Amino acid sequence: MKPRQWTIKELIETTARYFKEKGVESPRLTAELLLSHTLGLDRLTLYLHFDQPLTDSELSRYRTLVGRRVKGEPVQYITGVKEFWSMEFKVDPRVLIPRPETEVLMEKALSILGEMLKAGKERPAVLDLGTGCGAIAVVISKEFPRALVWATDISPDALEVAKMNAHRHGVKERLVFRCGDLWDALDESAPRFDLIVSNPPYVAHEELACLPPEIREHEPTIALDGGRNGLAVIERIIQDAPLHLTKEGWLALEMDPRQCDRALELLEAKGKYKGWEKVKDYQGRFRVLVAQVR
Ligand SMILES: C[S@@+](CC[C@H](N)C(=O)[O-])C[C@H]1O[C@@H](n2cnc3c(N)ncnc32)[C@H](O)[C@@H]1O
């Protein structure tokens with residue numbers, strides 16, 4: 001008997017039901033993303049070919065991807081891409097998958113740079129501390145082509161991914177990549193920065209074990225583990241950022257909303273910052289702290 005031929009529409013509907021039963025988040029979208037990836041088509045084209053049957057080899061590849069997702073692998077690592085700031089970034093298990101909350105940090109960083117430009121600073125120096133896949137540094141470099149952007153990370157593997165993304169978006173030659181533990185990555189050629197932007201690891205060490213397995217077992221621990229209370233790296237950044245900022249330079253930090261008050265106390269105690277603002281995420285929780293040094 002001839003094996004059954006599945007059309008795109010039937011497969012999406014069947015897989016979405018299966019994902020739902022298995023508790024996979026966004027079941028239909030995930031089915032569509034995996035099928036788009038298998039067929040090398042974008043999602044709109046998928047819709048335009050709803051009645052197209054899959055070949056046996058396409059079906060077999062698709063089933064493998066569905067199996068990986070059901071076992072907990074994040075869809076972005078399976079497809080190898082994640083959209084951030086309407087741009088596509090390559091991601092794999094060497095880097096954290098950029099989160100929507102980080103677009104709040106991005107928005108704030110770009111607005112600070114916009115103000116600098118208006119004030120006549122045409123070539124601001126910016127540091128993306130803990131760049132991961134390079135999303136923040138690449139967006140800044142695209143939006144402010146004259147900015148001098150440094151992208152650093154403690155993970156050489158992450159920097160490899162960041163370089164690929166910079167290349168993909170045509171800004172690799174404009175970025176400076178350095179590897180090291182926070183400020184150790186800055187050699188004598190580093191300028192004082194007008195803006196330091198960072199989405200550091202900020203999950204409390206004590207809470208790592210409670211993260212969903214999808215995150216805990218697949219994303220790099222170094223990108224998540226923020227030490228005791230999740231504040232270890234944040235504290236170090238607040239402590240020493242003034243040494244690396246220009247006069248009246250800015251620090252923009254993403255954090256867990258529960259950490260904002262403590263981070264503010266640290267800023268105030270330091271005595272080097274003259275103003276700060278807490279910025280809410282799309283859920284209305286304080287997610288980003290920006291501060292200006294004296
Ligand atoms: C939460 S991820 C953020 C990645 C990326 N900036 C983003 O927003 O998607 C934190 C990044 O900081 C890096 N990191 C962790 N500890 C660090 C340290 N002590 N010095 C420099 N980078 C560090 C990790 O390797 C990881 O890439």
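This is a selection-by-selection tour of a predicted model. Residues are numbered from 1 along each chain, following the sequence as written. In this predicted model, local features need pLDDT of at least 70 and side-chain atom pairs count only at pLDDT 80 or more, while totals for chains, interfaces and linings use all residues.

**Whole chain**

Select the protein chain and show its C-alpha trace: along the principal axes the C-alpha atoms fill a box of roughly 80 × 40 × 35 Å. Switch to cartoon for 12 helices and nine strands; these are DSSP runs numbered from the N terminus, helices being H or I with at least four residues and strands E with at least two. The radius of gyration is 21 Å, close to the 19 Å of the globule rule for 294 residues, so the chain is as compact as a globular protein of that length. (The radius is taken over C-alpha atoms; the rule is 2.2 Å times the number of residues to the power 0.38.)

**Domains**

Colour 8–71 as domain 1 and 84–293 as domain 2; the bounds come from an automatic or database domain assignment. Their centres, taken over C-alpha atoms, are separated by 34 Å.

**Nonpolar cores**

Next select Ile140, Leu195 and Ala252, which have the most contacts inside the largest nonpolar core, a set of 64 residues. Such a core consists of buried Ala, Val, Leu, Ile, Met, Phe, Trp, Tyr and Cys residues joined through C-beta atoms within 7 Å. Buried means 20 or more other C-beta atoms within 10 Å of the residue's own, exposed 12 or fewer, and partly exposed in between, with C-beta atoms placed from the backbone. A second, separate core has 13 residues, including Leu11, Phe19, Val24 and Val75.

Centre on Leu195. Beyond four places in sequence, its contacts (C-beta atoms within 7 Å, placed from the backbone) include Ala109, Pro124 and Trp250.

**Ligand**

Show the ligand and the 21 residues that surround it, the closest being Gly130, Gly132, Ile154, Asn199 and Ala223. Colouring the shell by type gives 13 nonpolar, six polar and two charged residues. Here Ala, Val, Leu, Ile, Met, Phe, Trp, Tyr, Cys and Pro count as nonpolar, Asp, Glu, Lys and Arg as charged, and the others, Gly among them, as polar.

**Ser36**

Finish at Ser36, in helix H2 (residues 27–39). Ser36 counts as partly exposed because it has 17 C-beta neighbours inside 10 Å. Not counting residues up to four places away, Ser36 touches Leu41, Asp42, Arg43 and Leu46. A C-alpha to C-alpha distance from Ser36 to Pro220 gives 26 Å.

Note on methods. A residue is near a molecule or strand if its C-beta atom, placed from the backbone, lies within 6 Å of it. Two residues are in contact if their C-beta atoms, placed from the backbone, lie within 7 Å.
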